[in-house]
Amino acid sequence: MRLKKILLLLFLGSTLFCFSQNKYTLSGTVTEADTGETLIGVNILIPSERAGAITNEYGFYSITLPEGSYEVSYSSLGLRTETLQIDLTQNVVKNMALENSAEELEEVVIKADAERLDIRTPQMSVNTLSSNTIKSIPVVLGEADVIKSLLLLPGVSNAGEGSSGFNVRGGAADQNLILLDEATIFNSSHLFGFFSVFNPDAIKDVKLFKGSIPSRYGGRVSSVLDIFQKEGNSKNFKLTGGIGAVASRLLAEGPIVEDKAAFLVGGRASYAHLFLPLLDIENKAYFYDLNTKINYRINDRNNLFLSGYFGRDLFSVNDSFINVYGNALVNFRWNHIFSDKLFSNLSLIYSDYYYGLELDFVGFEWNSGIQNFNLKYDLKDYISDKLQINYGLNNIYYSFNPGKIKPNGPDSGIVEEQLIKKYANETAVYVDVQYDITENLSTEFGVRMSHFIRFGQEEINVYADDNPVIFDPFLLIYKEAEPIETIPSSRGDQLASYTNFEPRISASYALNDNQSIKASYTRLSQYLNLLSNTSSPTPLDVWTPSGPYVKPQLLDQYAIGFFTFLKDRDYSLEIETYYKDVQNRIDYIDGANLIANNAIEQVILNGEARSYGVEMLLRKNSGKFQGWLSYTLSKSEQRTPPRNENETGINNGAWYNTPYDKPHDISVYASYELSDKWSFNSNFIFQTGRPTNYPIGQFVFQDVVVPYYGLRNVERLPSYHRLDLSAVLTPKKNKGRKWQSEWVFSIYNAYNRRNAASINFRQNEDTGVNEAVRTSIFGIVPSVTYNFKF
C-alpha cells in the first residue's frame, strides 16, 4: 500500500511540476525529401535535455520542453541527419524533410543514436525489419519474403518448408494478429506457404510484437505483426520492379497533385504454370496480388488515405480438382491533428478471406470464408516530454461462412447445403500511458477492456446436461453427443457474451547509456479460433468464434530481459526470458472431423497451454560486415485434463508437446558489402525436428494390418537445417542514371539437405516388412532475379 502511495505522489508531483513552468511544444511531421513519404521511427533528439521523441506511424512527433533555445537533431537510418537551433518561446510547428545520406559514416552515427533511445524505452520483445533487409535475405526461388525473414529472429519458427503461417514463442499460427495497413489478414501465404502475401516493394515498415504488446492491439494471444504500406511518391513518378524465376512484380507511384496527393499501385504474379504444358503437365499452381494506395493532404492538420489489397491463389489438378483462395481488404483513414499535442486517426476497414473448392470428379463446389467490418479511432496525447497517453476504441463485426456445398452440374447428384452461418461482434476500449518516472526509469502501462457477443444463428443444438462431448467409460474415448433437440434462433439473439479486462505493464531501468533491464506483463484475450488439426494452417481450415461451448483464449505472459551495446555500439546484445500461460486452448477429440462440420462443438474440448524459454539476439550494427546471431531455447506444451473423476482427459490428461515445439532454434544472418558493385548475403538455420506420432505397434483385422499409436507427439522428425547464399551485382553504369538495376544470384539449401517434411510408414510390397518413407520438398534451388527502378 505504501508503494502505491509513493508511485502516486511521484506521478502527481511530476505532472504538477510539468505545468508549473513555462513550457512550449515542438511538433510537426517528418518526410523523406525525395518522395514526400512520411517517415516512421525518426529520432528527434535534444542532447542538452537528454530528451527526445520518435515519429509515429504517420510521421508525426511532439515534444514539450521548458522555454529556451535548443539544438535539435532529426535522424533516421540511411538519411542525412539535420541539426537545427530552435528558439522555443512559443509553440513551434516544424515539418522536416530528410534527404538520403551518401556517407556511410553518417549512417553509422544515425544508427547509434536511434538505438540509444531503444535502450531506455520500456518497449521490449519487439523486432523491426526494413524493406532493404527483407530483400537481402536469401529465400527459396529468389522471391523476397516478409514471413521467411521473420523466421530468422529469436522466438519465431514455422512447421517447415512449404508450410504457411508462423509460430511465435510456442504459440499456434492462428494466435498471431497480422495487420496490413491496420486491416486483418487471415491467411498470410501464397501457394500453400511457399510465398507470403506481402509485396516487399510496397512495404514501408514491418514490426513484430512478441510480448509487451501495447493496449491498442488485441484479439490474438501470441503476437502482432503490424505492416504498413508506402503512401506513394508525391514528388516524382517512379517505377520499381523485379523479374524472378517463378514470379515478377511491378510497382508504380507518383503525384496526383504535387506535394498534395499521391498514388501507389503494385502487382505481383507467378508464371511457372505457363511452362507446365511444355512438359505435358496439365496441373496449375499460380498466384497474383494487387496493392493500392491513395493519399490526399487536405491541409497541415488533415490527411486522407485509401488503401487496398487483393490476392488470389489457384491450384488445380487436371481441372478435376480446383482450389481458389485469397484475401481482400480496403481501409479508409483520416489523420487529424487537433493541436500540437493531440494526434488522431480514424479508420474504416473491410476485410475478407475467401476459400473455394471444386471437385469435378465428385460433382460439387464448396465455398467458405470470413468477413469483418472494423471501426477504429485512436488518439495520442503528448502531455509532456515525460508523459504520453494513447487511448481509443475499436469495434469489429464478424460474419462467418463455414461452407456452402452445391452441385457443379445437372448430373452431379449432390444436394445443395449451406452450413450454418455464424455472427459475432467484438468491441474494445483502451488506454495506454507512457511515463518516465526518472531519467533512468521508464514505464508503459495500460488496460484494454474487450467485450465479445456471439449472435444467434439459424438453429441451435441442445444437448443433455448441456454437454456436446461425452466420454465412453468402456472404450475410454471421447465421442460426439447426439442433440436432444434443435431450436430456432435469430441473429438478434445473444448465444453468449464475454468481457475481459486486459492489463499491460512494462518497465525499463537504464543502468547507463549502454545497458538496461526491462520487464513486462501482458494479458490478452482471443475470441476466434482456427479449426485445424495439422501442424500448419491450410486454406481448408475454417475460423470459428467463441460461443456457448468454445470459450475465449486468455493469455498471461511474463518477460524480463537484459539489453546492452558492445564495442562502441558496433554490437548489440538482447537476452530475454519469458513464460506464457494460455487458458481455454481448444483441443480435438481423437478422430475429430473438422471439415464441413455443422456441430463443431461436438469434437472440441477446452484445455490449456504453456510455453517458456530464453531468447538471445547478437547483432553487428555497422561496417561493411553486418548481421545477427539468434538462439532460442524453449518449450511449448498443452494438455486437456479430465472434466471429472470418471474421465481420462486427452492424452491421459498429461502435458504433451505442441506441434510447433522446437527446443533449439539457431539462426545466423550475415551481409558483407565487398564494393559498390558486389555484396553478399547468407543465412543458416538449425531447428530441432517438430513433434510427430509414429506407430508403436500393429494388429491384423480381417487380413488388414492396422497400426496403432501411443501418447501424442512423443516422437520427432529429424533436425532441420540448411544454408542459403546470395550475391548481388550492382552495375557501375547505375551511377548518374535514372535507370537503376541489380542482379541477385541466390542458392537456397546450398548443401542439398533433404529435410523431412513428414515420415510415413508403409508395408513393403515385395518383402512385407514395414518401412519408413521420408518426404522432402526442396533440395538445392538456384535462382536469378533482376531488380530495377527508375
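Residues are numbered from 1 along each chain as its sequence is written, and side-chain values use heavy atoms, with hydrogens and water left out. Because the model is predicted, local features need pLDDT of at least 70 and side-chain atom pairs count only at pLDDT 80 or more, while totals for chains, interfaces and linings use all residues.

Strand assignments come first. Strands are DSSP runs of E with at least two residues, numbered from the N terminus. Two strands pair if DSSP finds at least two bridges between them. Strand β25 covers residues 364-382, and strand β26 covers residues 387-407. The two pair in the antiparallel sense over 18 bridges. Four residues lie between β25 and β26, which form a hairpin. Within this pairing, I370 has F400 of β26 as its bridge partner.

Strand β28 (residues 422-436) runs antiparallel to β26, and 14 bridges join them. Here F400 stands opposite K422 in β28. Strand β27 (residues 417-418) also pairs with β26, in the antiparallel sense and over two bridges. In β27, Q418 stands opposite K404.

A separate description applies to an open sheet of four strands. The strand order is β3-β2-β5-β6, with antiparallel pairing. β3 (51-54) and β6 (82-88) are the edge strands, each pairing on one side only. From one strand to the next, the twist averages 25 degrees; strand axes are lines fitted to C-alpha atoms, and angles run from 0 to 180 degrees between N-to-C directions. Strand β5 (residues 68-75) is joined to β6 by seven bridges, and the two run antiparallel. S73 has T83 in β6 as its bridge partner.

Charged side chains were examined next. Side chains of opposite charge can pair when their charged atoms come close. A salt bridge is a side-chain nitrogen of Lys or Arg within 4 Å of a carboxyl oxygen of Asp or Glu. The whole structure holds 32 salt bridges. One of them joins E57 and R216, at 3.4 Å from N to O. This pair links distant parts of the chain, 159 residues apart. E57 sits in the loop between β3 and β4 (60-66), and R216 in the loop between β16 (203-209) and β17 (223-229). Accessibility was classed by relative accessible area: buried means under 20%, exposed over 50%, and partly exposed in between (1.4 Å probe, protein chains only). E57 is partly exposed at 23%. R216 is partly exposed at 27%.

K376 and E182 form another salt bridge, at 3.5 Å from N to O. They too link distant parts of the chain, being 194 residues apart. K376 belongs to strand β25, whereas E182 lies in the loop between β12 (176-180) and β13 (183-184). Both K376 and E182 are buried.

In the salt bridge between K479 and D472, the closest N and O atoms are 3.7 Å apart. K479 is partly exposed, with a relative accessible area of 36%. D472 counts as buried because its relative accessibility is 14%. A network of salt bridges links R169, K210, E576 and E615.

E444 presents a charged residue without such a partner. It is found in strand β29 (residues 441-455). E444 is buried yet has no salt bridge. Its nearest side chain of opposite charge is R216, 5.6 Å away; Lys and Arg count as positive and Asp and Glu as negative, while His and the chain ends are not counted. Contact means heavy atoms within 4.5 Å. Not counting residues up to four places away in sequence, E444 touches P122, Q123, P214, D432, V433, Q434, R504, I505 and S506.

S351 is found in strand β24 (residues 342-359). At 1% relative accessibility, S351 counts as buried. N327 is 24 residues from S351 in sequence, and the two are 7.5 Å apart in space, C-alpha to C-alpha. Leaving aside neighbours within four places in sequence, the contacts of S351 include T184, F186, A328 and L329. I370, Q371 and N372 are also among them. The S351 side chain reaches the backbone oxygen of T184 at 2.6 Å.

Technical notes
A polar contact is a pair of N or O atoms within 3.5 Å; within protein, one must be able to donate a hydrogen and the other to accept it, and residues adjacent in sequence count only if both atoms are side-chain atoms.
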